[in-house]
Amino acid sequence: MVDVMHSALTQEVAVTSERVRNRHPVIEVAGLKKHFPVKKGLLRRTAGYVYAVDDVSFSIDQGETLGLVGESGCGKSTVARTVLRLLEPTAGTIRLDGADITRLGKAALRPHRRQMQIIFQDPFSSLNPRMSAGDIVGEPFKVHGIAQGKEKEERVAALFDQVGLRRAQMRSYPHEFSGGQRQRICIARALALNPNLIIGDEPVSALDVSIQAQVINLMMDLQREKNLSYLFIAHDLAVVEHISHHIAVMYLGKIVEYADKQTLFTSPLHPYTEALLAAVPVPNPRVRRRKHLLQGDVPSPINPPSGCTFHTRCPYAETRCKTETPLLREVSSSHRVACHLR
């Protein structure tokens, strides 16, 4: 029995080591920008721009998860949709498995779309109510001409097994499922084409807390099994800490801090990150900690502040913060921050 356990452990370590050796960036984003024009007047002339994403750079290695966090409206979902080319980027480059997909046309982009999929926030609105669950999961096979008939049905059944759904439910419709089950259908659909990258746009925020844990654990099990890469977008830092390897903090269209999860949660450097972590509730009424209350509201992305965009709410802001834009610079191994004071 001990020999069997030792053999299994040795095999698991060997597989992990092999994955580390073969690790490479699945997605590389450099200088990504997405500006939406603001039209006014009868002639609909451009009066300004919404700087939704403004010079964002990151990469995700094979088998790793990057958590993207920040307040609502900071540009997280826009980053996701622009990386997937659901929105056209204003500037910057997007490389998928080394191939530049930034300006590819629809026909040239089609084979690359199989390698990147998305799980949306609301599982109900992202499912066609007129299609059965089996047809929804099998649609990617039909669209890309991969399988049909009996073969497609077998592949769909195997996907239902992987995400913890019964094969008999393939004939049921979305309204017959619970919220957690609907999200499992969305995960199965995302897995259908064997992608390398899956983007989760707040995939558990619409679910009950107990169901959130089940879905997160399912995604982590699938990642280990298939060596998937995730871009996981969320505002719940506890969830992000659980699933992520690295975390990027966004504020007003920019990444202000980037680090591995242990460093970020134990030694945050940006004042905005400190405030986010201080807002996380502690499940112990006896524990008291210092609160970092932010003053004022989030500035408009149409007219962002000069210099550091966070200086209007930062308790440590100095004169240079109002005029000089801080660069996202490396302060230690795998830890970068955009702050003049660090």
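Which residue in S2 is the bridge partner of lysine 33? I looked that up first: the partner is aspartate 54.

**Ground rules**

I am working with a predicted model, where local features need pLDDT of at least 70, side-chain atom pairs count only at pLDDT 80 or more, and totals for chains, interfaces and linings use all residues. Residues are numbered from 1 along each chain as its sequence is written, and side-chain values use heavy atoms, with hydrogens and water left out.

**Confidence**

I checked pLDDT, the predictor's confidence in each residue from 0 to 100. The protein chain has a mean of 89, with 91% of its residues at 70 or more. I then went through the elements; helices (H or I, at least four residues) and strands (E, at least two) are DSSP runs numbered from the N terminus. Helix H1 (residues 2-21) has the lowest mean pLDDT, 45, while strand S8 (residues 229-233) has the highest, 97. Over residues 4-21 the pLDDT is below 50, and I noted 4 contacts for this stretch beyond near neighbours in sequence; a contact means heavy atoms within 4.5 Å.

**The four-stranded sheet**

Back to the sheet of my opening pair. I found 4 strands in an open sheet, ordered S2-S1-S4-S5, with antiparallel pairing; two strands pair if DSSP finds at least two bridges between them. Strand S2 (45-61) and strand S5 (99-100) stand at the edges with a single partner strand each, so one side of each has no neighbour in the sheet. Strand S1 (residues 25-40) is joined to S2 by 13 bridges. Helix H2 (residues 76-83) packs on this sheet, touching S1, S2 and strand S4 (91-96), and its direction makes about 115° with that of S1. For such angles, axes are lines fitted to C-alpha atoms (for helices over the stretch in contact), and values run from 0 to 180 degrees between N-to-C directions.

I also looked at two loops here. Most residues other than glycine have a negative phi. Arginine 44, in the loop between S1 and S2, has a positive phi near 55°. Aspartate 97, in the loop between S4 and S5, also has a positive phi, about 50°.

**The eight-stranded sheet**

Next I traced 8 strands in an open sheet with mixed pairing, in the order S6-S7-S8-S3-S9-S10-S12-S11. Its edges are strand S6 (116-119) and strand S11 (329-332). The twist averages 20° from one strand to the next. S6 and strand S7 (residues 197-201) run parallel, joined by 4 bridges, and isoleucine 119 stands opposite glycine 200 in S7. Helix H6 (residues 179-191) lies across S6 and S7 at about 175° to S6. Helix H7 (residues 209-226) lies across strand S3 (65-69), S6 and S8, at about 155° to S8.

**The cavity**

Last, I searched the whole structure and got 1 cavity of 30 Å³ or more. Among the lining residues are His270, Cys308, Phe310, His311 and His340. The lining divides into 9 nonpolar, 3 polar and no charged residues.

My notes on terms: on a 1 Å grid over the protein atoms alone, a cavity is a set of points where a 1.4 Å probe fits but cannot get out, and lining residues have an atom within 4 Å of a point. Points are joined across faces, edges and corners, and a volume is the space filled by probe spheres set on them. Ala, Val, Leu, Ile, Met, Phe, Trp, Tyr, Cys and Pro count as nonpolar, Asp, Glu, Lys and Arg as charged, and the others, Gly among them, as polar.

Conventions
On a 1 Å grid over the protein atoms alone, a cavity is a set of points where a 1.4 Å probe fits but cannot get out, and a pocket is an open set with protein on both sides within 12 Å along at least five of seven lines; lining residues have an atom within 4 Å of a point.
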